[in-house]
Amino acid sequence: MTDAAELRRRTADLLAAHPPTRLPPPPQNEGPAGPPLWSATERLDFLRARFDAGLAWVHFPEGLGGLGAPRALQAVVDAELEDAGAPGNDPGRIGIGLGMAAPTILRFGTDEQKKRFLRPLWTGEEVWCQLFSEPGAGSDLAALATRAVREEGGEDWVVDGQKVWTSSAHLARWAILIARTDPDVPKHRGMTYFICDMTDPGVEVRPLRQITGEAEFNEVFLTGVRIPDAHRLGEVGEGWKVAQTTLMNERVAIGGTRIPREGGMIGVAATAWRERPELRTHDLHQRLLNLWVDAEVARLTGERLRQQLSPTLNSVRAGGAPMGQPGPEGSGMKLAFARLAQEISGWEVEFLAEDGLTYDDWTLRRPDGVDFTGRQAGYRYLRAKGNSIEGGTSEVLLNIVAERVLGLPPEPRTDKDVAWKDLPR
Amino acid sequence: MTAPVPPATEPDLLYSADEEALRDAVRALLADRSDPATVLAGLESALPYDRDLWCALATGIGTAGLLVPEKLGGAGASAREAAVVLEELGRSVAPAPYLTSAVIAVTALLGCDVDRADVAGPLAALADGRTLGVLALPLTTAPGGAGEPAVRADADGALTGRVTSVADAAAAELLLVWAQGPHGPAVYAVEAPADGVRTEAVTPLDLTRPLAHLALDGARGSVLATGDRAREAVERALLTGAGLLASEQLGIAEWCLAETVRHTTQRTQFGRPVGSFQALKHRMAALWLEVASARAAARNAADALASGSPDAPLAVAVAQAYCAPVAVRAAEECIQLHGGIGMTWEHPAHLFLKRAKADQLALGAPGRHRAALAELAGLGAP
Ligand SMILES: Cc1cc2nc3c(=O)[nH]c(=O)nc-3n(C[C@H](O)[C@H](O)[C@H](O)COP(=O)(O)OP(=O)(O)OC[C@H]3O[C@@H](n4cnc5c(N)ncnc54)[C@H](O)[C@@H]3O)c2cc1C
C-alpha cells in the first residue's frame, strides 16, 4: 500500500531527478519579487516528469498519472512540491479537463483513450471544453438536439448542431460532447458521448460576451463534424449514463479541493475589512461575521466530503466506487459555494462604498479562466452570478438533493416515456 | 488586526468505528427506553428525569465517564465520543443530565487538582454515573462569561447567594459553585441536599431540561480550586459544554429533517404526496445542506476539544454560531411542514422545538459566539 512516507520518498526522487530551475529573479528596481518565474519548456518538462512518476493525481492508476493511492494523500505530494517551489499545472485554466473530462475518461475510456488524452490534459498542453448545453437544452440537458449520425459503412460519426455557453471553447484542443444518436427512443436513452476534436473544420467558435464584459464562454456551431468511432466514450445510446459521471464530478470540482481558512472570497472580504477601518459599520460587521461563519463551515463541510471520498486502496480493489466517485452530496457543496460567493461579493461591493461604484475594465477580453481573486469587487459580484447557473442551476441541484439524497417523490413527468422526436418543442 | 491562525493539523471530521459502535449502543438504548411517547409521558410526572434510563446510559453503557481518564475511574475517551452520545440524546430529546453532569461538571472537576482526594473522589462518582453534578451557573452563560460570582463565601466556607436558571440543579447531588471567596473567585463543592441549599423549580420552556434557581444561605462548601486554576476550570467547562452542545443541536436537526421527509412522503394532498411539491422539496433540501454543514462544524469542534488544539475556542465559536440556528430552523420547518398535526401536544415535534430554542440560548447565544469570533478571527468591530 502506498502510504504518506512512500509518497514523500517518490516526491523527493522526482525533485532530485528534475530539480525545478528558477529563472533569474527580476532586477531589484522592477517592483517586489513575485512568485518564481519558470521558463515554459522547463515547466512542461517538470510537469511531464511528475505525471510519469504517478504524482499528478495519486489516486489514478499507475501509468495514468497516479499510483492507486488514497486520494487524500495528494495533499502530501502537493505540500512537498510547493515547499520545493515546483511549478504547478494552472488548474484555473484547465479546470474542465481536470474536473470533468479526466474522471469521465478514466471511468469510461478505452485503454488507448486514457493513454492518449490524460497526460497532455493534466500538464495543460491540451485544454478541454464541455459541449453539453444547447439553446433548447440547459437544465433539461437530456432534451438536446445536436445529432450524431453513423456514416454508412464507415468508422466515423457526423455531427450537426449548436452548443452554447461553452466556457474555454476558444482555447480548447478537445471537447467532451453529448449528441443524439437515436431520436426514436425516449430522450434519456438516445444519446451518445464523444470526444470532439475542436480543430475539425466543421467546428466554429464564436465569442459570447457576458455580464462582466468579457467573453469567457462561446457559441459553438457544429457542421458536418467528423468524429471517429474510436473517440466515442461508452456505449452507443449510453451517453446519459456517461454524462452523469461528468456532472457529478463537475459539482464536486469546487467542493473537492482543499482550501485553507479564509481561502477564496471570504479572505478577500476579511482583508478589506481589516485594511479599511474607516468604512466599517455595525450592520456590515454583523453580516461579515455571519458570512465568515458560513464560509468556515462550508470549508469544513467540503473537507469532510473530501475525507469521505478518500477510499483506501483496498476498497478500490474490492470493487468499491472507483476512486471514490462523488455522490449527489457534491451538489450540496456547489449550492453552498454559489450562495456564499454571491453574498460575500455583494457584501464587498457595498462595504467599499464609493469604490464599489467603479469597475476595473469593461473591454471584451478573452480570458484564460475565471479570476475570482485577481480582479476588482465589481467583477467578483457580477461573475458570481454565474455560480448558481453554471454546472446545474441551484434549483435543479435542490431537486437532485431532494430526490436522490432525501428520497422525496419525484415531480410528475410527462416526458419520460415519449420518444424524443415526439416531444413538444 | 491580523488574520486568524490556521489549525496546525487538519481536523478528523469523520466518525471512527468505535464511535459508530458507541452510537449504535446509545441509539438502541434510547429507542427502547426513551421513545417520544415515553418522553412525553414522563414530562407529566413529577420526576425531573428517568433514573433507570440514566443508570443504563451512564453506568450500563459507561457514557458518563467518557471524558475521564481511566486512572481516575473513567473510560479514557474524549470529546469526540461524548459528542456522539450527545447527537443521539439530541435525536431523542431524552431528559438525561448528560451535558450538565458528564460534560460540564466533569470538565470543571478535571480542571481542578485531580491529585487531591476531594477532587478525585467526586470525579470518579460522576464518571460512573452514581452521582449527578452540575456547575452552578445560569444555563445561558457563554464561555468567557462566568464573570464576577453571584455567590459569596466567608472564611469558613459558608456560601450565600443566588444563582438563577441552573439546568438539572434540582436533581444534582454535587453543586460546583463559582463563588467570591476571601481570596478571590474560587470553585467550591457543595453537597445537596444539605442545610442552606434550596432549589426553586422554574417552569422551563424546554421541559426536557429542567431548570431551577439555586438559593444558598450559609451552605457548607469546600474549596476545590482558586485563582487562575479556578477560572480556567470554569472556562474550559463552559467551552467544552458549548462545543459539545453543537452535537446535541445536530442530533435535534437530524431528527426533525428525517421525520419531515418521512411525513411528507406519506401525506397525500391534491392527489400527490405533499413531499413531491417542489416548494417543499427545496425547503427540505436546503435544510439537508444545513444539517450536513452543521455536522462538519460540530465534528470540528469536538475534534479540536479532543486534541486540545489551540484552535478550539474558534472551532467552538463557529460551531455554536452555526449549529444553534440550524437546530431551531429544522424544528420550525418540521412543525410547519407537518401542518396541523405538528401543532399538537401528542406529536413529539414540539419537544424538539422547545429543546432547540432553549439550546440556542444555552451556553451563549449565537450573537455572543460571533462576538467572540470577531476577536479570534481578527475582525474587529467598527
Ligand atoms: C458562466 C457559465 C459557464 C457555463 N459553461 C458551460 C460549459 O462550459 N459547457 C456547457 O455545456 N454549459 C455551460 N454553461 C451552461 C449551464 O450549464 C446552463 O446555463 C445551465 O444548466 C442552465 O440552463 P439554461 O441556461 O438553459 O437555463 P434554463 O434551463 O432555461 O433555466 C431557467 C430557470 O428555470 C429554472 N428551472 C429549470 N428547470 C427547473 C426545474 N425542473 N425546477 C425548478 N426550476 C427549474 C432554472 O433553475 C433557471 O432558474 C455555463 C453557464 C454559465 C452561466
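**The interface and its surroundings**

Mentor: A salt bridge links B:Asp311 to A:Arg261, with 2.8 Å between the closest N and O atoms. The term denotes a side-chain nitrogen of Lys or Arg within 4 Å of a carboxyl oxygen of Asp or Glu. The model is predicted, so local features need pLDDT of at least 70 and side-chain atom pairs count only at pLDDT 80 or more, whereas totals for chains, interfaces and linings use all residues. Residues are numbered from 1 along each chain as its sequence is written, chains are lettered from A and ligands numbered from 1 in the order in which they are written, and side-chain values use heavy atoms, with hydrogens and water left out.

Between chain A and chain B the count is 3 salt bridges. Polar contacts (a pair of N or O atoms within 3.5 Å; within protein, one able to donate a hydrogen and the other to accept it, with residues adjacent in sequence counted only if both atoms are side-chain atoms) join 17 residue pairs across these chains, both residues being at pLDDT 80 or more. On the chain A side, the elements giving two or more residues are helix H7 (265-275), helix H8 (282-308), helix H10 (329-351) and helix H12 (394-405). H8(A) supplies the largest share, 17 residues. Helices (H or I, at least four residues) and strands (E, at least two) are DSSP runs numbered from the N terminus. By class, this side of chain A holds 20 nonpolar, 10 polar and 13 charged residues. Here Ala, Val, Leu, Ile, Met, Phe, Trp, Tyr, Cys and Pro count as nonpolar, Asp, Glu, Lys and Arg as charged, and the others, Gly among them, as polar.

In contact terms (heavy atoms within 4.5 Å), 43 residues of chain A meet 51 residues of chain B. The two chains bury about 3900 Å² between them, 70% of it on carbon and sulfur atoms. A:Arg261, A:Arg274 and A:Arg304 provide 17% of the area that chain A buries against chain B, more than any other three residues. Buried area is the accessible area (1.4 Å probe) that two parts lose on being put together, summed over both.

An automatic or database domain assignment supplies the bounds: domain 1 (17-96 + 115-130), domain 2 (134-230) and domain 3 (231-376) of chain B. The centres of domain 2 and domain 3 of chain B, taken over C-alpha atoms, lie 29 Å apart. These two domains bury about 1800 Å² between them, 62% of it on carbon and sulfur atoms. In domain 2 of chain B, B:Pro143, B:Leu205 and B:Arg209 lose the most area to domain 3, together 26% of what that side buries. The rule finds 3 salt bridges across this interface.

Some strands of chain B complete the account. Strand S2 (residues 151-153) runs antiparallel to strand S3 (residues 158-167), with 3 bridges between them; pairing requires that DSSP find at least two bridges. B:Ala153 has B:Leu159 as its bridge partner in S3(B). The hairpin of S2(B) and S3(B) has 4 residues between the strands, and B:Gly157 in the turn has a positive phi of about 80°. S3(B) is also joined by 8 bridges to the antiparallel strand S7 (residues 211-220) of chain B, where B:Arg162 stands opposite B:Ala215.
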